[in-house]
Amino acid sequence: KNEDIASGETIVPGLRGKRRYLWGNAMAVRNVSGKIIGAIETIRDITDIRFSEERLRLQEEKYRWFFENIQDVYYEVAIDGTFLELSPSVENVFGWKREELIGTSVLQTYFDPKDRDSFLRDIKRTGKVYDYELLLKHRDGSPLNIALSSKHIPGNDLESPRNIGSMRDITRRKKMEEALRISEERYRTLVENIPIAVIRTTPPPNGRYLMVNPAFLQMFGYASEDEVLLIDPAK
């Protein structure tokens, strides 16, 4: 009533009950005495824009939930090695809070800074890496075995070039693997030096020799393990 131009958005029912979002502009039409006698209106259908915004909002909600609850560490690192983004889980793995690391150099998390150069060479060659193992370190200085998956993202008008990816703490797994390796090495040393014949075969009735130790070779007069593996135990 008091303006020459008015604008606004409204939602109206469409066919088959689907809502439509409309944006309208109205310009007052006055007579010679200045009294408003009508209006010139334009209406634009912005339903697709609003639906796209809604889909984007839902996607952002899903991403935010994933980002805040992921157990692995999601990260974004600039080409110069500056942390641009980190998931809150970084505190559980590295001991640093997310806010303490963003804007700082990734080199402080490397056990050996030279490994950073090797990683950059590898990702530059292929554009991405999967389960790439690195020795990084906790805030307290203790070593962390990390399996890293990363992808290079070229820059555009919105973002600078960066590497994004996830890091998984595999320190416990590596310790178990090392303990198993040591156990197997001790077992092998024991088997090779014990003065008792040790053999391993497949199940009968068609059993085959899989392994014999030096004591077996000496006891039965064979020259090598390979010779024994060709023999049928049943004969």
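**Strands, salt bridges and voids**

Strand β4 and strand β8 (residues 162-169) pair in the antiparallel sense over six bridges. Pairing here requires that DSSP finds at least two bridges between two strands. Helices (H or I, at least four residues) and strands (E, at least two) are DSSP runs, numbered from the N terminus.

Before going further, the ground rules. This is a predicted model, where local features need pLDDT of at least 70 and side-chain atom pairs count only at pLDDT 80 or more, while totals for chains, interfaces and linings use all residues. Residues are numbered from 1 along each chain as its sequence is written, and side-chain values use heavy atoms, with hydrogens and water left out.

Back to β4. β4 and β5 form a hairpin with four residues between them, and glycine 81 in the turn has a positive phi of about 95 degrees.

How many of the residues of β4 are buried? Six of its six, where buried means under 20% relative accessible area, exposed means over 50%, and partly exposed is in between, with a 1.4 Å probe and protein chains only. In a regular strand the side chains alternate between the two faces of the sheet. In β4, Val73, Tyr75 and Val77 point one way and Tyr74, Glu76 and Ala78 the other way, and all are buried.

Now another sheet. It is open, has three strands in the order β1-β2-β3, and its pairing is antiparallel. The edge strands are β1 (5-13) and β3 (36-45), each of which pairs on one side only. Neighbouring strands of this sheet are turned by 30 degrees against each other on average, direction ignored; the axes are lines fitted to C-alpha atoms, for helices over the stretch in contact, and angles run from 0 to 180 degrees between N-to-C directions. Strand β2 (residues 19-30) and β3 pair over nine bridges, and leucine 22 stands opposite aspartate 45 in β3.

Next, salt bridges. Side chains of opposite charge can pair when their charged atoms come close. The criterion is a side-chain nitrogen of Lys or Arg within 4 Å of a carboxyl oxygen of Asp or Glu, and a search of the whole structure finds 17 salt bridges.

I will show three. Glutamate 53 forms one with arginine 50, with the closest N and O atoms 2.9 Å apart. Both lie in helix α1 (residues 47-69), three residues apart, about one turn of the helix. Glutamate 53 is partly exposed at 41% relative accessible area, and arginine 50 is partly exposed at 23%.

Arginine 98 and glutamate 85 also form a salt bridge, with the closest N and O atoms 2.9 Å apart. Arginine 98 lies in helix α3 (residues 98-101) and glutamate 85 in strand β5 (residues 83-86), so the pair ties together parts that are 13 residues apart in sequence. Arginine 98 is partly exposed at 23%, whereas glutamate 85 counts as buried at 18%.

In helix α5, glutamate 185 and arginine 181 meet at 2.9 Å, N to O; they are four residues apart, about one turn of the helix. Glutamate 185 is partly exposed at 37%, and so is arginine 181 at 39%. Salt bridges that share partners also join Glu133, Arg173, Lys174 and Glu177 into one network.

Last, voids. On a 1 Å grid over the protein atoms alone, a cavity is a set of points where a 1.4 Å probe fits but cannot get out; a pocket is an open set with protein on both sides within 12 Å along at least five of seven lines; lining residues have an atom within 4 Å of a point. Grid points are joined across faces, edges and corners, and a volume is the space filled by probe spheres set on the points.

The count is one cavity of 30 Å³ or more, and the largest cavity holds about 90 Å³ of space. Its lining includes Tyr75 and Val77, along with Phe83. β4 (73-78), α4 (114-126) and β6 (128-137) each supply at least two lining residues.

The largest pocket has a volume of about 180 Å³. Which element gives the most to its lining? That is α5, with five residues.
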